[in-house]
There are 2 protein chains.
Amino acid sequence: MGEMSHPRVRLDPDTRREQLLDLGLALLATRTLEELSIDLLAEEAGISRGLLYHYFRNKQEFHRAVVRRATDQMLAVTTPDPTLDALTRLTTGLAAYIDYVETSYEPFMSLVRGASSGDRFLREIYEDARGALVGRIFDSIGELGLTGTPATRILINGWAAMVEETVIAWVQEPEIPRHELVRLLAAALPAVLAATADEVTAPGG
Amino acid sequence: MGEMSHPRVRLDPDTRREQLLDLGLALLATRTLEELSIDLLAEEAGISRGLLYHYFRNKQEFHRAVVRRATDQMLAVTTPDPTLDALTRLTTGLAAYIDYVETSYEPFMSLVRGASSGDRFLREIYEDARGALVGRIFDSIGELGLTGTPATRILINGWAAMVEETVIAWVQEPEIPRHELVRLLAAALPAVLAATADEVTAPGG
């Protein structure tokens with residue numbers, strides 16, 4: 001983490017804030033969000049608490065910004081290459097997602113815990129992230145030979161929950177090889193959509 | 001809720017405790033777990049705080065007991081009739097689960113939020129419940145023509161997460177008819193397991 005603090009370099013406030021968030025993320029690697037205090041950040045950044053409050057109004061705002069940053073990173077590393085076909089985008093996206101959860105477990109869990117936290121902003125960050133991941137899939141289902149219906153969106157959301165749960169469990173206990181995990185989760189999506197597609201577009205009785 | 005308090009009837013402590021938990025559950029219908037205080041319970045039960053502490057050491061223990069009770073109810077109402085075939089057990093179990101989430105939304109959400117709460121006991125209650133639901137499915141996969149492997153268990157767990165997420169979203173926004181939701185979720189399970197079954201039993205490379 002030492003390489004992140006260059007206290008003698010004069011930086012504009014935005015860059016400095018970004019640097020502090022990177023430091024926050026790095027500190028989150030070995031502790032939970034609750035354990036990530038303004039005091040600790042100040043100490044590790046080598047600056048005063050007073051100066052920190054110039055960048056973050058309080059611990060809550062700092063936490064939200066760190067989780068937002070973790071989420072942006074997760075979305076960035078899982079962004080599919082648009083030149084690939086839909087199925088390859090799905091498997092490479094899944095592989096990148098698994099790598100992210102494995103290497104950034106605590107930041108990722110902060111995001112997941114935010115989903116059911118009392119903090120409305122953390123819930124929104126989670127929902128935005130889920131929405132972005134599901135949106136990518138939804139945008140490519142035409143390519144997979146499927147139609148977008150309310151039922152399709154419901155199922156893609158459900159599949160996303162399945163992926164999240166499964167990857168978290170796998171990181172804690174990797175009972176099957178990684179490539180097998182990718183294959184199972186990738187195969188599950190078209191399987192779910194296809195097996196249910198026949199009646200999905202019919203009006204519900 | 002008035003029918004739950006019969007202060008003049010002499011009851012043994014266990015029965016009285018059960019009654020208080022039922023009252024707690026009823027109060028949870030219109031508020032979150034955080035809003036369910038010992039004060040409120042005492043007031044609604046028409047007994048003193050002091051007497052309440054005879055049954056629950058503190059608010060935390062009361063909350064855990066209420067969530068445990070909600071969970072037991074959920075597992076009870078979703079218990080499958082063993083005389084039915086596996087697929088019928090699956091769809092009737094799902095229908096009962098949807099009914100439960102709909103009619104006991106806040107108690108159910110207390111359970112779900114417990115999964116990622118800092119309270120280890122609430123997490124355990126959640127994990128026990130998930131384990132029980134997944135165990136029922138796992139026990140019947142032979143009947144569905146499938147084999148139990150580590151991959152199968154991983155996928156059933158993932159499917160359970162899919163069901164939870166989907167039903168919560170559906171209760172908030174019922175975009176498709178209920179019977180269609182049951183059909184989609186029931187069809188998703190064998191679809192996921194079958195589409196991935198071919199290589200699942202092969203040793204991972």
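Reader: What makes the relation of chain A to chain B that of a two-fold axis?

Author: Chain A can be laid on chain B by a turn of 180° and a shift of 0.1 Å along the axis, with an RMSD of 0.0 Å. That is the relation of a two-fold axis. Please keep in mind that this is a predicted model.

Reader: Why do you say that the copies meet through the same surface?

Author: Because 94% of the interface residues of chain A are also interface residues in chain B, the copies meet through the same surface. The contact draws 31 residues from chain A and 31 residues from chain B.

Reader: Which elements give two or more residues to the side of chain A that touches chain B?

Author: They are helix 6 (105-115), helix 8 (150-172) and helix 9 (178-200) of chain A. Helix 8 of chain A gives the most, with 13 residues. By class, the side of chain A that touches chain B has 18 nonpolar, seven polar and six charged residues.

Reader: Happy with that. How many helices and strands does chain A have?

Author: Chain A has nine helices and zero strands. Read along the sequence, its pattern is α-α-α-α-α-α-α-α-α. The C-alpha trace of chain A spans about 60 × 35 × 35 Å along its principal axes.

Reader: Into which domains is chain A divided?

Author: Chain A is divided into domain 1 (2-56) and domain 2 (66-199), and the C-alpha centres of these two domains lie 30 Å apart. Their contact takes nine residues from domain 1 of chain A and six residues from domain 2 of chain A. On the side of domain 1 of chain A that touches domain 2 of chain A, six residues are nonpolar, two are polar and one is charged.

Reader: Let's turn to helix pairs. What are helix 1 of chain B and helix 2 of chain B to each other, roughly perpendicular or roughly parallel?

Author: Start with the value: the axes of helix 1 (residues 13-27) of chain B and helix 2 (residues 38-45) of chain B cross at roughly 110° and come within 10 Å. Angles of 65 to 115 degrees count as roughly perpendicular. Helix 1 of chain B and helix 2 of chain B are therefore roughly perpendicular to each other. Their crossing is right-handed.

Reader: Which residues make the contact of helix 1 of chain B and helix 2 of chain B?

Author: Helix 1 of chain B brings L20(B), L23(B), G24(B) and L27(B), while helix 2 of chain B brings L40(B), L41(B), E44(B) and A45(B). By class, this contact has six nonpolar, one polar and one charged residues. Gly counts as polar, and G24(B) is among the contact residues.

Reader: Why are helix 7 of chain B and helix 8 of chain B called oblique to each other?

Author: Helix 7 (residues 120-139) of chain B and helix 8 (residues 150-172) of chain B pack at an angle of about 125°, with their axes 10 Å apart. Roughly perpendicular covers 65 to 115 degrees, and roughly antiparallel needs an angle over 145. Helix 7 of chain B and helix 8 of chain B are therefore oblique to each other. The crossing of this pair is right-handed. On helix 7 of chain B the contact is made by R130(B), L133(B), V134(B), I137(B) and F138(B), and on helix 8 of chain B by R153(B), I156(B), N157(B) and A160(B). The classes here are six nonpolar, one polar and two charged residues.

Reader: And what makes helix 5 of chain A oblique to helix 8 of chain A?

Author: Helix 5 (residues 86-103) of chain A packs with helix 8 of chain A at an angle of about 50°, their axes being 10 Å apart. Roughly parallel needs an angle under 35 degrees, and roughly perpendicular runs from 65 to 115. That makes helix 5 of chain A oblique to helix 8 of chain A. Their crossing is right-handed.

Reader: Which residues in helix 5 of chain A meet helix 8 of chain A?

Author: Y97(A), I98(A), V101(A) and E102(A) in helix 5 of chain A meet V167(A), I168(A) and V171(A) in helix 8 of chain A. By class, the contact has six nonpolar, no polar and one charged residues. Tyr counts as nonpolar and Glu as charged, with Y97(A) and E102(A) among the residues that meet here.

Terms used
Residues numbered from 1 in each chain as written. Chains lettered and ligands numbered in written order. Predicted model: local features only at pLDDT ≥ 70, side-chain atom pairs only at ≥ 80, totals over all residues. Axes fitted to C-alpha atoms, helices over the stretch in contact; angles between N-to-C directions. Helix = DSSP H or I, 4+ residues; strand = E, 2+ residues; numbered from the N terminus. Left-handed = near helix turned anticlockwise from the far one by under 90°. Contact = placed C-beta atoms within 7 Å. Least-squares fit on C-alpha atoms with pLDDT ≥ 70 in both. Domains from an automatic or database assignment.
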